[in-house]
Amino acid sequence: MSAGVLQTQLIKRWPEALLGKLDLVFPNGPYLAQGKSDIEDFYDPPFYEWFQYSQDYQEVFNFDNCVAYIEDYMIKHGPFDGLMGFSQGLALTKVPKIKYVILMSGGKFGGSVSKFACPKLAANAFSSPVQCPSLHIIGETDYLKESGIELLDSFVDPVVINHPRGHIVAKLDEKGQKTMLSFIEKIEKIRTKNKVHDPKTESLASDENELPTNNTSSNFAFSTGAISPSPHRAVRFDKRRYGGRRGWKDGKICLALKDLRVAVPEKIGSGLQAILQGVTGEVSTITGQPDSGKSTLLDVLAWRFGLNTRQTGEMVINDRQQSLSGDATSVIGRKERGEEIGNDGKGEVQVQILKKPRFLCLHGFRTSSKILQKQLQRWPEAVLEKFDLVFIDAPYKAQGRSMVEGFYDPPYYEWFQFTEDYSEVYNFEECVDYIEDFMVKHGPFDGLMGFSQGGILSAALPGMQSDGVAFTKVPKIKYLIIMSGGKLGGTGSKFCIPKLAANAFSTPVQCPSLHIIGEADYFKESGIELLDAFVDPLVILHQKGHTIARLDEKGLKTMLSFIEKIEKIEKNEEM
């Protein structure tokens, strides 16, 4: 795992009403992961670990070094009030006393049901009850559940949140949120009793951030009157937005914004996404959590706008009104946005905007359109911006456990069902009709992009359309991108071929196709067999498993070559 992964999970799954009450700081473990990570198909590396252990868990290595590493970090970046840990994650003598603990999917070293032997340094960690207030979050299907329950006996008056999920940072239901708020209220009472901060005279900005302070009046973009004491420092989310005052320091440029609003094209899809909404105030420092709009604001300040960006409001630099339009209509600006520039022979410049190929995207088995959209964001923007991608959920709610549970949020869907031995397929015809109806209402579409079960389905549909048994109400499917797919009824396929798709591969599929196959994918053999069913297929190979992998240099080159092939076809059709 990594600090970034834990931060992402907490931001995504815990409400801001809770996170806003904690000052959270995220260090990485001291050691790079020495083996495969269970989350490598869902989050980006690098991954880290706190310590190592033998295969039978009877020996623990580098525990002392790990504790020293944490202590050094706390000295440099503290003081801290508490610790929050998930899964793997103390003899701390040089730092203030740990006053609060939040433990998610944790366990007890050396417990009767614990896998881990107790390191020598921690031999007396539970020799007497732990006095500090503690919150324990335990999953009903977590493999560390029993050890987590045993750990409760080591704490005085532990507070517990139970959830039905497994070994993950779970979302908090209404009862869980109530318990968490109760625990935070308990902390606040203790801290208020010991010390009350005066927000009118004390800055909440961290000195290490070197942010401007003002001892006479608040320079925050929100009221600090209700913050007493300041947020608890367990680990840090910097959600505060700092503003400056004119003359804060001589020689500084004064930048003021009034009701600045910016909407940018979605990375995937054809709509607009509001990034900045009503930003007002004088600016000296820009801070914020990931995806909060920092880069977009800088783009506005530098007049870097893409195609279809919408911006309104006022920007004033040293009392001079600035234009927000930039050079959006110049030939250079148009060329940078991918518009084709030509000359009509009479000295007039002509501009032709190339139409993006429109793909309907079919997600994997027991996942969802939102999950596929997130997974595709592993591809570079230079690729994604070339497509107009539309995402659809499959027609059936998942009728069993999803393999992505714990990594992506439900609901999950499936395109069709099958027997345990894969010898029978159910609801295939209904699934095909459902997709066709969607294409009629939301089309036209140029191609299909499918992953896993969606890839298997996408590969069969052009042949079924040519056979006249499917997609008779929509234009011909011209392009395919198949990721971790396979061939229905193939010798290497687990799935029998449904009657409707009996002739899907009776003749070679003519449309240009790109096939992305993983070396460690359990669909690999079926994916390779599928290539023989297509005329001149392009192939990208990667080293990962059944996942949407990042594109390496060679893969990116192949992908761009395929896109160029599509663009040439589209250009010729428009002439």
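Visitor: Which residue in E7 does Gly82 stand opposite?

Guide: That's Tyr100. Keep in mind that we're looking at a predicted model.

Visitor: What makes E6 and E7 a pair of strands?

Guide: Two strands pair if there are at least two bridges between them. E6 and strand E7 (residues 100-104) are joined by 5 bridges, so they count as paired, and they run parallel.

Visitor: Why is E6 called an edge strand?

Guide: Look at the order of this open sheet of 4 strands: E6-E7-E8-E9, with parallel pairing. E6 pairs on one side only, and strand E9 (159-163) is the other edge strand. From one strand to the next, the twist averages 10°. There's a helix on this sheet too: H4 (residues 145-152) touches E7, strand E8 (134-139) and E9. The direction of H4 makes about 155° with that of E8.

Visitor: Why is Leu83 called partly exposed?

Guide: Buried means under 20% relative accessible area, and exposed means over 50%. Leu83 has 27% relative accessibility, so it lands in between and counts as partly exposed. Leu83 sits in strand E6 (residues 82-86), and that strand is mostly covered, with 4 of its 5 residues buried. Leu83 and Val25 are 58 residues apart along the chain, with their C-alpha atoms separated by 9.7 Å.

Visitor: Let's move to the other sheet. What is the order of the 6 strands that form it?

Guide: The order is E18-E17-E23-E24-E25-E26, it's an open sheet, and the pairing is parallel. E18 and strand E26 (538-542) each have a single partner strand, so one side of each is left without a neighbour in the sheet. Neighbouring strands here are turned by 15° against each other on average, direction ignored.

Visitor: Which strands does H10 lie across?

Guide: H10 lies across E17, E18 and E23, running at about 150° to E17. Helix H12 (residues 524-531) also packs on the sheet, touching E24, strand E25 (513-518) and E26.

Visitor: How do you know that the span of H10 is close to the one expected?

Guide: Helix H10 (residues 428-442) has 15 residues, and it reaches 21 Å from its first C-alpha to its last.

Visitor: Why do you say that the buried residues of H10 line one face?

Guide: The buried ones are Phe428, Cys431, Val432, Ile435, Glu436, Phe438 and Met439. Seen down the axis of H10, they fall within an arc of 160°, so they line one face of the helix. These residues pack against several elements, among them strand E22 (425-426) and helix H11 (453-466).

Visitor: Which residues have the most contacts inside the largest nonpolar core?

Guide: They are Leu360, Trp415, Phe428, Ile435, Leu457, Met464 and Phe471, in a core of 41 residues. E17, E18, H10, H11 and strand E24 (479-483) each supply at least two residues of this core. A second, separate core has 24 residues, including Cys361 and Phe562.

Conventions. Residues are numbered from 1 along each chain as its sequence is written. This is a predicted model: local features need pLDDT of at least 70, side-chain atom pairs count only at pLDDT 80 or more; totals for chains, interfaces and linings use all residues. Side-chain values use heavy atoms; hydrogens and water are left out. The expected span of a helix is 1.5 Å times one less than its number of residues. Buried means under 20% relative accessible area, exposed over 50%, partly exposed in between (1.4 Å probe, protein chains only). The arc is that of the directions from the helix axis to the C-beta atoms. Contact means heavy atoms within 4.5 Å. Axes are lines fitted to C-alpha atoms, for helices over the stretch in contact, and angles run from 0 to 180 degrees between N-to-C directions. A nonpolar core is a set of buried Ala, Val, Leu, Ile, Met, Phe, Trp, Tyr and Cys residues joined through side-chain atoms within 4.5 Å.
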